[in-house]
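Dear colleague,

Please read them alongside the coordinates.

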Amino acid sequence: MPWWTSPVGINVGFLLPMFLLIAGADQSHFEGLTIRGVRFLTAPYIALGAGLLLVMAFGGWLGGQLKIERPSLRQLDTAAYERAALVVGTVALFAYLIFFRDFVLHPGLLIRTLIGSYRPDRTTISLSVGITSLVNVAPVFFSIFGYLRLTLKRKLGRRLNVMFFVLLGFTLFRVYAWSERLALIEAAVPLVLAGALRLNGSPRRLSRLIVRFGPYAALPFLILYFGIAESVRSWSSATYHQRLGFWQFVIGRLTSYYYTSLNNGAGVLATTEWPTYKFEVTLAWLHKAPVIGRLFSAMVNLRYLEMQRFLGSFGDEEFNNPSGLFGVIYDVGLPLGVLYFAAVGFIATILLDAYRSSRQAGILLYPMFFLFFLEIFRYPYFGASRAFTWMLGIILAVAITRSAKYRESATMQAEPSH
């Protein structure tokens, strides 16, 4: 695997330089920056954030010291994985049809949305709580599809190929309609990892260069992607387009997006008593869960969201992410926070080894861990509701592949010997 796919590589070789660059953005006087509220991201918090990234890298290094026997790529039961991808993809597709039924049943509304004459409000479309959230099992489908198609170069059936393009189309619509950029990143990360494993060591010079520079090569595409999304969302505002060039706006907006997330996390640490042990950030999905969420919130005595109070007093409500680095420390304190990040790096390295060895845990879980690293400046991804749904999809895929192996084993035992 390329250097940037490992916990050590991505943290030391990319996230740490980017963190230091973003943390110093407020001193650059770049006109496109939109940094409001009180500045809390001072030298002590910058040192803390950099230290936590190094802790994750150290945990990854420790995980790399384990010697694990790697089975051959040929031992993967691809038929069982195709079946799992088909079932998980069907669940995601059904959820999307419920989610977007207003557009499916009224094509005119869809056309008006696509040409820009109608801007749908996500809060007004038909939603079925607990069903539409299942659209977030789609990353499991993309993980399996990407590994089979890109890494193992297996020719897949028409149903899987059609399902891939349909789910990708629904994902792109989410991005376009509501600027839900993370949905596309969740689809892209599994495919990028699978492609990186296939292209690493490619005889083609361009492929080698792209794989070698990895996230740095992807930065122009990230800026372009962010710019397209923001052109729909914010560029039309007179606040921006009358005084800034488009690319100046995009780069400044992207930098402000990440800087403010880090500043919010540092600000919460600077203005509150912590740790709270209320898991407001690290287990946000559990607080939002039906029925059990209220019980859990009552158990930890969470009566209001501290982050919302902070934003109202010191921050910028437009940029409201709590930071994955500082949010964990706010929840559990420094000693447990250090252990948390070290454990993430340690487990991720073991999963990476499983990924390149075609073992189930790696194929299904490592894309989620890699996305955790990419999103760490904004919030800890494992605490998000969409990560919980992703996990449900993984459990479903494991159940399907295991049942297939059980049936195959039972069939072999039932066959008469000759």
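Why does Phe58 count as partly exposed? Phe58 does so because its relative accessibility is 48%, where partly exposed lies between buried, under 20% relative accessible area, and exposed, over 50% (1.4 Å probe, protein chains only). This is a predicted model, in which local features need pLDDT of at least 70 and side-chain atom pairs count only at pLDDT 80 or more, while totals for chains, interfaces and linings use all residues. Residues are numbered from 1 along each chain as its sequence is written, and side-chain values use heavy atoms, with hydrogens and water left out.

Phe58 lies in helix α2 (helices are DSSP runs of H or I, at least four residues, numbered from the N terminus). Together with Val8, Val12, Leu54, Trp61 and Leu62, Phe58 makes a nonpolar surface patch of about 520 Å² (residues with over 30% relative accessible area and no salt bridge, nonpolar side chains being joined within 5 Å; a salt bridge is a side-chain nitrogen of Lys or Arg within 4 Å of a carboxyl oxygen of Asp or Glu). The largest share of this patch, 4 residues, comes from α2, and both α1 (7-23) and α2 (43-64) supply at least two residues each.

The largest cavity holds about 40 Å³ of space, and its lining includes Tyr96, Phe142, Arg174 and Glu186. Two or more lining residues come from each of α6 (138-151), α7 (158-178) and α8 (181-199).

Best regards

Technical notes. Patches are made of residues with over 30% relative accessible area and no salt bridge: like charges are joined within 9 Å, nonpolar side chains (Val, Leu, Ile, Met, Phe, Trp, Tyr) within 5 Å. Accessible areas come from the Shrake-Rupley method with a 1.4 Å probe; for residues, only the protein chains shown count as cover. On a 1 Å grid over the protein atoms alone, a cavity is a set of points where a 1.4 Å probe fits but cannot get out, and a pocket is an open set with protein on both sides within 12 Å along at least five of seven lines; lining residues have an atom within 4 Å of a point. Grid points are joined across faces, edges and corners, and a volume is the space filled by probe spheres set on the points.
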